[in-house]
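I opened a new notebook page for this protein. My plan is to go from the whole to the parts.

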Amino acid sequence: MALTTLAHHIDYEWVQYAYDCTRKDGAVGVDGQTGEDYAANLEQNLTSLIDRLKSGSYRAPPVRRHYIDKADGSGQRGLGIPSFEDKVAQRAIVLLLEPIYEVDFSDSSYGYRRGRSAHDALQAIRSGITKNGGRWVLDVDVRKFFDSISHAKLREFLARRVTDGVVRKLIDKWLKAGVMEGGQLSFSETGAPQGGVASPLLSNVFLHYVLDEWFSDEVQPRLRGPSTLVRFADDFVMLFAYKDDAQRVLAVLGKRLGKYGLELHPDKTTMVDFRYKPKSAKDEDGKVLATSFNFLGFMHVWVKSRRGWPMPGQLTAKDRLARAKKAINQQCRAMRHWSIRDQHQKLCRMLKGHFAYFGISGNFKRIGGLRFHAAHCWRKWLSRRSSKSNIPWTAFKEILKRFPLPQARIVHCYTDT
């Protein structure tokens, strides 16, 4: 059922909590206002914000366009950075809508949801392979998803659950706010700015109806064998027990997404033969199918357990490992004239952050290799502090005794449950 009255929940305590949840040191928007500037007169600012939100006089400022390099090195990704007050306003609405949609969202969705994480998605993939016999995988990439979201279709989906006028008008204002880039303001009838506070929730709502609900209600009942969908925001994989099931879904998936203005990336969307030691299976065009796939920074491939049994392994993807090694080398070079203590603290933070995400069962060798690489880079750039020759390993080991690097460790122990 659609909820008609929600705006009455937006009071001072609600917006205060939204402010507390908003990052204060993030990048500034088009107005240049920082979190510190906003906090200088916090009570008056929040009171004014509430009045404007409820009266309908709130004007959503355009987002500032900023580009970052993509993880795969294929180009740059455009982010939309709202102003600080706009972040608070979006957070207040997201806090209002999250409990409503958590009731509806599918168990196959893991991205940007409370109590769910990327590691839960990785565990679901492992379970889909071991328990549901997922041997044929569709590794799917949606081309420019956040730039392709249809505003009209999104409004239709939102109307199924939320008809409160205040909330709906605010969402429309954010969709129509426009993008400021190089002093030029542009508008579009499609897209939700990637980087906005409300964008992850809106993208989950959009894909819930376009993909998750369709897959569970229409696709799975027509398949010959078991199947699993695992989606993290706009990245998702589908696992099937039979090849013909995977082929049938791949044949209609593009049409389903195209109905809502989305497009599959022709080069990055592939079918993977994930059987143990496959006999070079081919697709309909005669091309040899891949035998491994990358998802959420991990390469999924068959490995052998300590007892020699085949098992699905999740290893740090080669591009992510190369990026981590490059970042450590560049950091060691940039801080070579810092004090040893400061260098040590920075390296420890970088390694601990890497271990916290990539430290999963079966991946110890790769995270251990990164620690070894960090030690080599540290010694190399410490040796560049003067014109003397390289620091001998015996001397560097004495430094490591005083300032030891954190040991690689498994943080997420995956077991089938």
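How many helices and strands does the secondary structure of the protein come to? I counted 14 helices and 11 strands. Helices (H or I, at least four residues) and strands (E, at least two) are DSSP runs, numbered from the N terminus.

A note on the source. This is a predicted model, in which local features need pLDDT of at least 70, side-chain atom pairs count only at pLDDT 80 or more, and totals for chains, interfaces and linings use all residues. Residues are numbered from 1 along each chain as its sequence is written, and side-chain values use heavy atoms, with hydrogens and water left out.

**Whole protein**

I looked up the extent next. The C-alpha trace spans about 70 × 60 × 40 Å along its principal axes. Of the 417 residues, 46% are buried (under 20% relative accessible area, with exposed over 50% and partly exposed in between; 1.4 Å probe, protein chains only). I then checked contacts, meaning heavy atoms within 4.5 Å. Among contacts with a separation of 6 or more, 70% join residues 24 or more positions apart.

I also looked up charge. There are 67 positive and 44 negative side chains (Lys and Arg against Asp and Glu; His and the chain ends are not counted). The centres of the two sets lie 11 Å apart, with each charge placed at NZ of Lys, CZ of Arg, CG of Asp or CD of Glu.

**The four-stranded sheet**

I traced an open sheet in the order β6-β7-β3-β8, with antiparallel pairing. Strands pair here if DSSP finds at least two bridges between them. β6 (227-232) and β8 (270-273) are at the edges with a single partner strand each, so one side of each has no neighbour in the sheet. From one strand to the next, the twist averages 20°. Axes are lines fitted to C-alpha atoms, for helices over the stretch in contact, and angles run from 0 to 180 degrees between N-to-C directions.

Leucine 138 has methionine 238 of β7 as its bridge partner. Helix α5 (residues 118-130) packs on this sheet and touches β6 and β7. The direction of α5 makes about 165° with that of β6.

**The hairpin**

Last, I looked up β10 (residues 298-304) and β11, an antiparallel pair with seven bridges. Valine 301 has glycine 313 of β11 as its bridge partner. Five residues lie between the two strands of this hairpin, and glycine 308 takes a positive phi near 90°.

Why is β11 (residues 310-316) largely enclosed by the rest of the structure? Because five of its seven residues are buried.
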